[in-house]
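Good morning, and thank you for coming. I would like to take you through one protein chain, beginning with the confidence of its parts and ending with a few individual residues.

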Amino acid sequence: ATDFGYGVGEVEAILTKEDDMADARKRIGKLVAQISGADTNENDPMSASSKLPPLGKLETYLIDRRRDHYDAIIAAGIFKAIHY
């Protein structure tokens, strides 16, 4: 975790055959959805999402610690504003 409260996780699957990729993607998608509390699309489990996308580590830091920079980045069109 960062000093500003942001945590990052990673999920991996080790496969012995490329044919196992679809099943691994489905299982990882379901796990990510369970952990994040997101909704999943049964046809595409890797599309796990909530109503709004989560803020990334950089966005979270800028909003909390450097709001003036974040606002300038939004105004310049570098990031897309997400309103919670």
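Let us begin with confidence. Strand S2, residues 44-49, has the lowest mean pLDDT among the elements of the protein chain, at 51, whereas H3 has the highest, at 95. Please keep in mind that what you see is a predicted model. Over the protein chain the mean pLDDT is 80, and 79% of the residues reach 70 or more.

Next, the overall layout. The protein chain contains 3 helices and 2 strands. Read from the N terminus on, these elements follow the order α-β-β-α-α. The protein chain has 84 residues, of which 14% count as buried. It exposes about 6,700 Å², and carbon and sulfur atoms supply 51% of that area. If we take the contacts between residues at least 6 apart in sequence, 29% of them join residues at least 24 apart.

I now turn to charged side chains. Side chains of opposite charge can pair when their charged atoms come close. How many salt bridges does the count come to? The count is 3 salt bridges, with a nitrogen of Lys or Arg within 4 Å of a carboxyl oxygen of Asp or Glu as the rule.

One of them joins Arg65 and Asp3, whose closest N and O atoms are 3.9 Å apart. Arg65 lies in helix H2, residues 57-65, while Asp3 lies in the segment before helix H1, residues 21-36, so this pair ties together parts that are 62 residues apart in sequence. The two partners can also be described by their accessibility. Arg65 is partly exposed, with a relative accessible area of 41%, and Asp3 counts as exposed at 65%.

Another salt bridge is formed by the side chains of Arg27 and Asp23, at 3.5 Å from N to O. Where do these two residues stand relative to each other in helix H1? They are 4 residues apart there, and about one helical turn separates them. Asp23 counts as partly exposed, with a relative accessibility of 44%.

Asp71 and Arg67 are 4 residues apart in helix H3, residues 67-75, so about one helical turn lies between them. Both residues are partly exposed: Asp71 has a relative accessibility of 37%, and Arg67 has a relative accessible area of 42%.

Is Thr60 buried or exposed? Thr60 counts as buried, because its relative accessibility is 13% and the cut-off for buried is under 20%. Which residues does Thr60 touch, leaving aside its neighbours within four places in sequence? Its contacts are Phe4, Tyr6 and Leu55.

With a relative accessible area of 35%, Leu31 is partly exposed.

Glu10 belongs to the segment before H1 and counts as exposed, at 66% relative accessibility.

Gly5 is likewise found in the segment before H1. Its relative accessible area is 65%, so Gly5 is exposed, the cut-off being over 50%. From Gly5 to Tyr61 there are 56 residues in sequence and 9.3 Å in space, C-alpha to C-alpha.

Finally, please look at the segment after H3, where Ala81 is placed. Ala81 is partly exposed, with a relative accessible area of 31%. Apart from its neighbours within four places in sequence, Ala81 is in contact with Tyr70 and Ile74. Ala81 and Glu59 are 22 residues apart in sequence, and 9.8 Å separates their C-alpha atoms.

To close, I return to two points. The structure is a predicted model, and strand S2 is the element with the lowest mean pLDDT. The pair Arg65 and Asp3 ties together parts that are 62 residues apart in sequence. Thank you for your attention.

Definitions and conventions
Residues are numbered from 1 along each chain as its sequence is written. Side-chain values use heavy atoms; hydrogens and water are left out. Buried means under 20% relative accessible area, exposed over 50%, partly exposed in between (1.4 Å probe, protein chains only). Contact means heavy atoms within 4.5 Å. pLDDT is the predictor's confidence in each residue, from 0 to 100. Accessible areas come from the Shrake-Rupley method with a 1.4 Å probe; for residues, only the protein chains shown count as cover.
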